[in-house]
Amino acid sequence: MSELKQELKEKIIEQLNLEDVAVEEIEDTDPLFGEGLGLDSIDALELIVMLDKDYGIKLADPKEGKKIFESVDTMATYIAANRSR
Amino acid sequence: MNKSLQIRSYCQIKNGIISHNGKVVFEHPLTDFEPFIKAAYKNFETDYPKFFKMDNLSKLAFMAAETVLSDKAVEEKNMAIVLSNRASSLDTDRKYQESIADEDNFYPSPAVFVYTLPNICIGEISIRHKLHSENSFFIFDAFNADYLKDYADGLLQNEKAEEVLCGWVDFDDGRYEAFLYIVSETGNHPHTAEEITRLYLTP
Amino acid sequence: MSKGVAITGMGIISAIGNNVAENYASLIAGKKGISKISQIETIHKDEIMVGEIPDTNPVLEQKLGFTENQVSRTVLIGCIAAEEAIAHAGITDINDAETGLISGTTVGGMDKSEQYFYDYLEKPEVRQHITGLHAGDSSKKIAQYLGLKESFVTTISTACSSAANAIMMGARMIKSGQLERVIVGGTDSLSKFTINGFKTLLILSDTYSAPFDDDRKGLNLGEAAAYLVLESEELVQKTGKKVLGYVKGYGNANDAYHQTASSEHGDGAVLAMEKALKVAKIPATAIDYVNAHGTATPNNDLSEGRALIRLFNGKVPEFSSTKASTGHTLAAAGGVEAVYSVLALQNDTIFPNLNYKTPMKEFELDPITEVTKKPLRNVLSNSFGFGGNCSTLIFSKEI
């Protein structure tokens, strides 16, 4: 699981163009949206694409995204349970 | 009631050089856009993380606006924006098209799609400087000083804006060029098509 | 001294009709032009509904006399609409007065460029679609088709407010005496590029869009071309031609909030509407009907609804979005809705906002859902584009 979390942090930084953020700076439980990393709605859409592209998960209802993308922890848990890649 | 209008600040970006009011303010050994504009961003201590989400056209327009607005904060907030170019958003359009070109690797990117319009760069400048003023984006074959001059004149003489940020920001296939200037009631250069063209052409 | 900007001709082709008369007939019959896509092979064809123009490219090419596969669909529908507008304005020689063309587009020739993306290397016969992609190219081709000689031709590309901005620009050039006559509006055809792009933003509906409805799921993309012919008062007096209405007010402002979403309380929208009223020199109470931008996305309708309440101090006049009939035609929308606003004025008729059932929770606003007769003097039309570009036009019976 910790490997997946590391991978997610790297992907988030790269995919979302977070230039000045280092992997070490992202805590597993840090909120990704709002406070914390301050991601926005377009970032959320990119994460949905990432779930599909890298883990084979198609979100049936994009509103689910809110819960899944709360933190790296919640993302990793969801992906581990649902991935097909 | 005809006001006498001036150009109070202008900026050029091309070939790895940023100049403001005719003086070089930043120069980079590599003229390749991406390392150049990133270095410029850092050089001016811009501190605006959303910069890195922008496409090349918006990054170019953004830094040009940062430069041209650097000597006086936009207090009035009634600054209209009239930009133009030749390539529209084609550079980003192509990138986006690539993300949907392969049937087997088909992942359209929302973050790229959002920039497939040339006027988004105006949106980015407006968000940064909190400008709610009138704005438009024109596509021309080449830089059109006459048109921009008439448009800015119209806005200012009819008191639709207190100042106008005008210019040309073009990005296509690695080639970049930006020329932005502010039209106002005060300034050091007369607001005429000849002067605008002269400033545009001065290396 | 403000001079009047007269509207002397209109032309349109959309999912609900190939010309002005057909569009009007569809509007008063409450006809929907929304269906599953048929002319483009897209993997999303079962997941989206669109406002597609029924005529195929070969049919349009034949009508206009273009060789097969020479130009993009955006050009074809643009020519159809612009030609109708000119004929409607009674123009026999387009160069007998200083005439310009200001056209808005976002797609340009993308419908063709994307189709032949892999073929350019091997097939020289499709390479015209490379330059055809360019937004300015479509306007040039339309100008060429119309026989517009040395004059003013330009392209505005400000997303969904492009045509509205073209109309605003044209009105200004007439008022300032730079042109005597100008053809203004926009054109956009459907393409995989746009379909996929909007799909990744998760703002497309998989069913009929329902503007201002609490259960709205998103927009239906559409394609259309629509143009007005604007003329100066002097030119109208010289020729004695019939005036359909006047472009009385216009305003543009930036929302300065997000690249694609609108601010929560519609700041940009309020500013644009206020500016338009100022130019028109009329109070908000003089507006009899609002043709809303009303795309049926959760974001727009909330933002625009709030903006309307703010502007009209709670007393919002009758309003509707005609996008449930035509789909969201992107750059052409401002032109399509300008034509519909003039039709509304000419016929004292408000067109229905289809598919509306449940009022939104956030406020008490009900759009008009049936064709409604009402004396109309001033109609306000909104067009809000990505990049925070908010535009408002006011059309009137009087100068």
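Q: How many residues of domain 1 of chain C are in contact with domain 2 of chain C?
A: 60 residues of domain 1 of chain C are in contact with 55 residues of domain 2 of chain C; contact means that the C-beta atoms, placed from the backbone, lie within 7 Å. This is a predicted model, where local features need pLDDT of at least 70 and side-chain atom pairs count only at pLDDT 80 or more, while totals for chains, interfaces and linings use all residues. Residues are numbered from 1 along each chain as its sequence is written, and chains are lettered from A and ligands numbered from 1 in the order in which they are written.

Q: Which element gives the most to the side of domain 1 of chain C that touches domain 2 of chain C?
A: Helix 7 of chain C, with seven residues. Helices (H or I, at least four residues) and strands (E, at least two) are DSSP runs, numbered from the N terminus. The residues on that side of domain 1 of chain C divide into 32 nonpolar, 20 polar and eight charged. Here Ala, Val, Leu, Ile, Met, Phe, Trp, Tyr, Cys and Pro count as nonpolar, Asp, Glu, Lys and Arg as charged, and the others, Gly among them, as polar.

Q: Where are the bounds of the domains of chain C?
A: The assignment gives domain 1 (5-239) and domain 2 (248-396) of chain C, with bounds from an automatic or database domain assignment. Their centres, taken over C-alpha atoms, are separated by 21 Å.

Q: Back to helix 7 of chain C. At what angle does it pack with helix 13 of chain C?
A: About 65 degrees, with the axes of helix 7 and helix 13 (residues 333-347) of chain C 5 Å apart. Axes are lines fitted to C-alpha atoms, for helices over the stretch in contact, and angles run from 0 to 180 degrees between N-to-C directions. Helix 7 and helix 13 of chain C are therefore roughly perpendicular to each other. Angles under 35 degrees count as roughly parallel, over 145 as roughly antiparallel, 65 to 115 as roughly perpendicular and the rest as oblique.

Q: Which residues meet there?
A: C:S162, C:A163, C:A164 and C:I167 in helix 7 of chain C meet C:A333, C:G334, C:G335 and C:A338 in helix 13 of chain C. That contact has five nonpolar, three polar and no charged residues.

Q: And how do helix 2 and helix 3 of chain C cross?
A: At roughly 45 degrees, with the axes of helix 2 (residues 57-64) and helix 3 (residues 73-88) of chain C coming within 10 Å. The two helices of chain C are therefore oblique to each other. Among the residues making this contact are C:L60 and C:L64 of helix 2 and C:L76 and C:I80 of helix 3 of chain C.

Q: Changing topic: what is the strand order in the open sheet of three strands in chain C?
A: The order is 2-3-7, with mixed pairing. Strand 2 (34-35) and strand 7 of chain C stand at the edges, each with a single partner strand, so one side of each lacks a neighbour in the sheet. Strand 2 and strand 3 of chain C pair in the antiparallel sense over two bridges; pairing requires that DSSP finds at least two bridges between the strands. C:I34 stands opposite C:G51 in strand 3 of chain C.

Q: What about the contact of chain C with chain B, how many residues does it take?
A: It takes 36 residues from chain C and 33 residues from chain B. Helix 8 of chain C gives the most to the chain C side, with five residues. The chain C side divides into twelve nonpolar, 20 polar and four charged residues.

Q: Which strands join chain B to chain C?
A: Strand 5 (residues 135-139) of chain B is joined by two bridges to strand 5 of chain C, and they run antiparallel. B:I139 stands opposite C:T155 in strand 5 of chain C.

Note on methods: Contact = placed C-beta atoms within 7 Å.
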